[in-house]
Amino acid sequence: MSVSAEPTSVDPRRNGSVPADTGAARTDTLRPHAEHAFADELTALVAQDDRPRPARWRLSPWAVATYLLGGTLPDGTVITPKYVGPRRVVEVAVTTLATDRALLLLGVPGTAKTWVSEHLAAAVSGDSTLLVQGTAGTPEEAIRYGWNYARLLAHGPSRDALVPSPVMRAMAEGRTARVEELTRIPADVQDSLITILSEKTLPIPELGQEVQAVRGFNLIATANDRDRGVNELSSALRRRFNTVVLPLPETPEAEVDIVTRRVEQIGRSLDLPAVPDGVDEIRRVVTVFRELRDGVTADGRTKLKSPSGTLSTAEAISVVTGGLALAAHFGDGVLRAGDVAAGVLGAVVRDPAADRVVWQEYLETVVRERDGWSDFYRACREAGV
């Protein structure tokens, strides 16, 4: 016996994430879901998208790519970029979701895997909340289904007692499910996805039933490629995914652009100063992170030791956001070297012994000698070496 359901309309109140009054109330949400934060852009794309759409997709693949990469619509509506990177990477990811293959976004920490997966789900299904967060303690029920034990004990196994997982709901509604940090999940739990992805069905042996995925269902997983050996994916599961590697930003200018855009978005929600006043400091933070990450100065003349941390773009965003908060609440509102120095130190020195040596060497041999960086050098020394 199979059980399936037609997709129902998305109720933003379903998970308690957005109050019934979605006007002013939504502006009070600290971190709105993508489909709410960019609702105007998605609505404009839906209205002007005249290209073929896969079953139950809100947008055509072309419009989904435009939503992620940005562009200007025929009526003049500007779609802001959500991802700054190779266009082909986004096109392959979107195309994968239009096939029967699941999508695995792979990359080092801070390459926007979670950000991209959320926006893909929002653009394709209008709902990015069908999410399983992978950890070492993620149980099989988080991917398959669980039980309401009060009803189970009172009446025995039944559909009313069954608690569907986000993946099960996505299958029944023809939507996009997300699994974050797949390699953090225990191997035996990971493999519960094999039947779902290959047969597009989820057996419920306790009821003698199954849930069959309806058209429109697919799954996006993310994984950190530095986690190899934590819970390596089985070859059987890996074959069910099309893997797309998200690279680090190719150029300093691209990384500065990413950090600036994201900090502006976060800053608006926190009432922080405008980013343009701190672009020079953003460029400086990005330069430090890239040089230590690459193990060589930007001019290629000096080889450097790299610290144990990743020094990702996401960490640069965090450092700059923290600096803006310092400038707003304990400074004159302008981002300066002293506002970011402590954050940079905290990001670089993760191992108090080894990383501190790396940072001291970089500070004395590179930062101290660089023209126009004397204020940053002093601030870093004051922050503690």
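Modeller: What follows describes the pocket, and then the helix packing.

This is a predicted model, in which local features need pLDDT of at least 70, side-chain atom pairs count only at pLDDT 80 or more, and totals for chains, interfaces and linings use all residues. Residues are numbered from 1 along each chain as its sequence is written, and side-chain values use heavy atoms, with hydrogens and water left out.

The largest pocket has a volume of about 760 Å³. A pocket here is an open set of points on a 1 Å grid over the protein atoms alone, where a 1.4 Å probe fits, with protein on both sides within 12 Å along at least five of seven lines. The volume is the space filled by probe spheres set on the points, which are joined across faces, edges and corners.

The lining of this pocket (residues with an atom within 4 Å of a point) has 34 residues, and Gly110, Thr111, Ala112, Lys113 and Ala314 lie nearest the centre. Two or more lining residues come from each of helix H6 (113-125), strand E11 (218-224), H12 and helix H14 (313-330). Helices (H or I, at least four residues) and strands (E, at least two) are DSSP runs numbered from the N terminus. H12 gives the most, with 6 residues. By class, the lining has 15 nonpolar, 10 polar and 9 charged residues; Ala, Val, Leu, Ile, Met, Phe, Trp, Tyr, Cys and Pro count as nonpolar, Asp, Glu, Lys and Arg as charged, and the others, Gly among them, as polar.

H12 (residues 252-270) also packs against helix H13 (residues 279-294), at an angle of about 125° and with the axes 10 Å apart. Axes are lines fitted to C-alpha atoms, for helices over the stretch in contact, and angles run from 0 to 180 degrees between N-to-C directions. H12 and H13 are therefore oblique to each other, since angles under 35 degrees count as roughly parallel, over 145 as roughly antiparallel, 65 to 115 as roughly perpendicular and the rest as oblique. In their contact (heavy atoms within 4.5 Å), H12 supplies Pro252, Glu255, Val256, Val259 and Thr260, while H13 supplies Ile282, Arg283, Val286, Arg290 and Arg293. That contact has 5 nonpolar, 1 polar and 4 charged residues.

H6, another contributor to the lining, packs with helix H4 (residues 61-69): the axes come within 10 Å and cross at roughly 140°. H4 and H6 are therefore oblique as well. Val64, Tyr67 and Leu68 of H4 meet Val116, His119, Leu120, Ala123 and Val124 of H6. The residues in this contact are 7 nonpolar, 1 polar and no charged.
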